[in-house]
Amino acid sequence: MTVLDQPESVPAPSRHLVTGTLVSDGVIVEDGLVAVDGDRIAFAGPAADFDPADFEGFSDLPEETWLDLPQDRFILPGLVDVHCHGGNGGDFPGGEESSARTAVDFLHRSGTTTFLASMVTAPREDLLRGIELYVKLANEGLVAGIHLEGPFLSHARCGAQNPAFLLEPDLDFMNELVEAAAGKLATMTYAPELPGAAALVDLMTSHGVTPSLGHTDCDDATAAASLAAAREGLESAGFDGVSSLPTVTHLFNGMPPMHHRSPGPVAACLRTAQQGKAIVELIADDTHLDPATVATVFQLVGAANILLVTDSMAAAGLSDGNYMLGPSPVTVTDGVATLDATGSIAGGTATMLEVVRRTVAAGVDISDAVLSATAVPAGVLGLADEVGGLRRGLRADIVVADKELGLTAVMRNGSWLA
């Protein structure tokens, strides 16, 4: 078989075999095999090490359940995105269920089988309404949780965030957001220089929410101190499955550029990541960052300390035109989304697989690019024992790509989606 085009509504066979070149957990296995039993991976590794007799039901597996790929095809774990605002016309910040479900279906079928629904700065009632929706979708197993990009961000570095709704840290409001999220708030972007930011970080970490430094105009010392406090807070809170490492929201974007006499937050974030004490996001879509910048950060801090993200908005997967990012009108020209009001870049239009492909084109080894798009974000979400790799016992999420890293097939929960 080559491409499986099975509708999602059709029950899939309970067992599958996929052979090809495996890329997972920083390792490449050229003559690899993945055996799927139900919604779990039963085996992943060299094909020569797989004996069907050792696995119940695989000895007489029907030929139609095999996906035998050419050697130049790649088998990847399902991709994981911790910063994603939508796609295919669907928009998470708007908090409308039909729109959100459109985005969810598109993202799953495009190979991003696990992701956070990212919201942007908005009025209180809009944030609470959106949180209520994404708690529901998380309970359905469609999203892995929620990322709040604001509202406690810098006016000077707000980017596409609506400045009318930016706030200084408000612990009562934060408690309300946390309570509404019912344990589904995974990460939150904040600016550490704002009054009350230290108490905000303490509140986040005490509830198992990963602080993500970003949209900030702070200096080097403030960034370094805040990342250290966030790490210490996560470590002391000790929530099961929650990473003890803070993250950095789209490094370079939404912060002052690094200058040799005023290094700003970029230098502090790079140092902390290189020490293995924080993880930085990169929007490696050739719009937010130059490819040489992407390659440099991989060389400096290593793939294990990088999260590849899309920051995708409703236009991902669609043509140029007019779209919305929450309450803000956006125009997409030549694949670049900009805010109508200010001209600021307003999110990404690439899928996660496209980000991986562009990262590899920048000179990063495919094993490193895939690691930063699968195992590393899975660890941040506390899901390393569930997704992010091709290992026995993990959820059967698989992306099949051609030699140019174009999408060929997607499996989620043991069922082929595309």
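1. A friendly start with the second largest pocket: its lining splits into 6 nonpolar, 10 polar and 2 charged residues (Ala, Val, Leu, Ile, Met, Phe, Trp, Tyr, Cys and Pro count as nonpolar, Asp, Glu, Lys and Arg as charged, the others, Gly among them, as polar). The volume of this pocket is about 250 Å³. Of its 18 lining residues, Gly-159, Ala-160, His-215, His-250 and Ile-345 are closest to the centre.

2. Some background: this is a predicted model, where local features need pLDDT of at least 70, side-chain atom pairs count only at pLDDT 80 or more, and totals for chains, interfaces and linings use all residues. Numbering runs from 1 along each chain as its sequence is written, and side-chain values use heavy atoms, without hydrogens and water.

3. A pocket here is an open set of points on a 1 Å grid over the protein atoms alone, where a 1.4 Å probe fits, with protein on both sides within 12 Å along at least five of seven lines; lining residues have an atom within 4 Å of a point. Volume is the space filled by probe spheres set on the points, which are joined across faces, edges and corners.

4. The largest pocket has a volume of about 560 Å³. Its lining comprises 32 residues, with Ala-144, Gly-145, Gly-183, Leu-381 and Leu-383 nearest the centre. They divide into 15 nonpolar, 11 polar and 6 charged.

5. Helix H5 covers residues 220-237 (helices are DSSP runs of H or I, at least four residues, numbered from the N terminus). Just after H5, Gly-238 has a positive phi of about 65°.

Technical notes: Helices (H or I, at least four residues) and strands (E, at least two) are DSSP runs, numbered from the N terminus. The expected span of a helix is 1.5 Å times one less than its number of residues.
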